[in-house]
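Here's a quick briefing for anyone meeting this structure for the first time. Have a look at the sequence and the model, then read on.

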Amino acid sequence: MTATVELHHVAKRFGKVEAVRDVSFDLPEGETVALVGHNGAGKTTLLKLMLGLIRPTAGSIRVLGDDPSAGEFTARRRLGYLPESVSFNTGLTGRETLAFYARLKREPMRDALVLLERVGLTHAADRRVGTYSKGMRQRLGLAQALLGAPRVLLLDEPTTGLDPALRQSFYEIVQELRGGGSTVLLSSHALTELEERAGRVIIMNRGVKVADGTLDDLRRLARLPTRIRLRVADGGFPHVSNWLGPISDWRRINGHMIEIDARPEEKIDILRRATGDGAAVEDLDVFPPTLDELYAHFLRSQEMAP
Ligand SMILES: Nc1ncnc2c1ncn2[C@@H]1O[C@H](COP(=O)(O)OP(=O)(O)OP(=O)(O)O)[C@@H](O)[C@H]1O
């Protein structure tokens, strides 16, 4: 699959601060990638490098085949960007604001109006942006980023300030774009919400890329236990060890539940035994490691590395 964004051994220094250190990755078309990390991890710096707003201290960057820091960056028109804090001229209406950006991107106004509709702002199109709520400004920012049907969309904390329904419709738009072959890079702290939405996760810590892969890849690498919760029938507790076998890591969590931390290689076997003859199990739930847990794991591993 063609890569729309390519970073090779990229570093960025601001005086003494090494904001990004030796980071490499490719982003293919049609993929949604989450860029996650603590405050100051280097996420915004990476986005600014891809946009050509700042130059790398070392390494090379290609976006849609161009070097973003070169004077003539022809790909910029096919690049959408939603900054972390969107600031608009509060004296302009929503419609005027999008018209301004449409002119900048040399896109027809007709498309801008369709986008206002798509982000649910048609009713407020003629109101001044100064009267918009935070969520409305965020949606206007998203409409601005979507102008020109971008092939690469860089979104910095895009769902901050959006209520659950708007988040949902935001991710529907992202899904559509991905279906159309766009690359979407979402920088975010909202790990739980990204879990089902991003095909791939890149974890940054203090300027360094510490993990990169699908959720399944990260789970395989981290080898964190899967939590299995079993509801045991009345009177079944005294016999748990008989059918569960020699597993050390299980605990009783209340009068009718036990919880097991199953290592990847024991998981299937435990489930077989829990559902086999003789097991007094009435119900079960399986919880694979969450993105939050994986994130904490990879950060810890990096902190502990020599
Ligand atoms: N223009 C600048 N001048 C000096 N230092 C900077 C500049 N921009 C970023 N930094 C520093 O580079 C590091 C990475 O910052 P960056 O904004 O990329 O982090 P981030 O992961 O986006 O954080 P957040 O989640 O808080 O937005 C931080 O230590 C920050 O202080």
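Predicted model: local features only at pLDDT ≥ 70, side-chain atom pairs only at ≥ 80, totals over all residues.

Residue numbers run from 1 along each chain as its sequence is written.

**Strand pairs**

- Strand E1 (residues 3-14) and E2 run antiparallel, and eight bridges join them. Strands here are DSSP runs (E, at least two residues), helices are DSSP runs too (H or I, at least four), and both are numbered from the N terminus. Two strands pair if DSSP finds at least two bridges between them.
- The hairpin of E1 and E2 has two residues between the strands, and Gly15 takes a positive phi near 60° there.
- E1 is also joined to strand E4 (residues 58-63) by five bridges, and these two run antiparallel. In E4, Glu6 has Arg62 as its bridge partner.
- Strand E8 (residues 200-205) and strand E9 (residues 208-213) run antiparallel with five bridges. Asn205 sits opposite Val208 in E9.
- The hairpin of E8 and E9 has two residues between the strands, and Arg206 takes a positive phi near 45°.

**The whole protein**

- In total, the secondary structure comes to ten helices and 13 strands.
- The C-alpha trace spans about 75 × 50 × 35 Å along its principal axes.
- The domain assignment gives domain 1 (3-220) and domain 2 (225-288), with bounds that come from an automatic or database assignment. Their C-alpha centres lie 44 Å apart.
- Of the contacts with a separation of 6 or more, 70% are between residues 24 or more positions apart. Two residues are in contact if their C-beta atoms, placed from the backbone, lie within 7 Å.

**Around the ligand**

- The residues surrounding the ligand include Phe14, Val17, Asn39, Lys43, Thr44 and Glu84. A residue counts as near a molecule if its C-beta atom, placed from the backbone, lies within 6 Å of it.
- Strand E2 (17-28) and helix H1 (43-51) each supply at least two residues of this shell, and the largest share, three residues, comes from H1.
- By type, the shell has four nonpolar, six polar and two charged residues. Ala, Val, Leu, Ile, Met, Phe, Trp, Tyr, Cys and Pro count as nonpolar, Asp, Glu, Lys and Arg as charged, and the others, Gly among them, as polar.

- Buried residues make up 35% of the 306 residues. Buried means 20 or more other C-beta atoms within 10 Å of the residue's own, exposed means 12 or fewer, and partly exposed is in between, with C-beta atoms placed from the backbone.
- The largest nonpolar core has 65 residues, and Leu35, Ala143, Val201 and Ile203 have the most contacts inside it. Helix H4 (residues 134-146) gives the most to this core, with six residues. Apart from it lies another core of eight residues, among them Leu230 and Ile260. A nonpolar core is a set of buried Ala, Val, Leu, Ile, Met, Phe, Trp, Tyr and Cys residues joined through C-beta atoms within 7 Å.
- Leaving aside neighbours within four places in sequence, Leu35 is in contact with residues including Lys43, Leu46 and Ile202.
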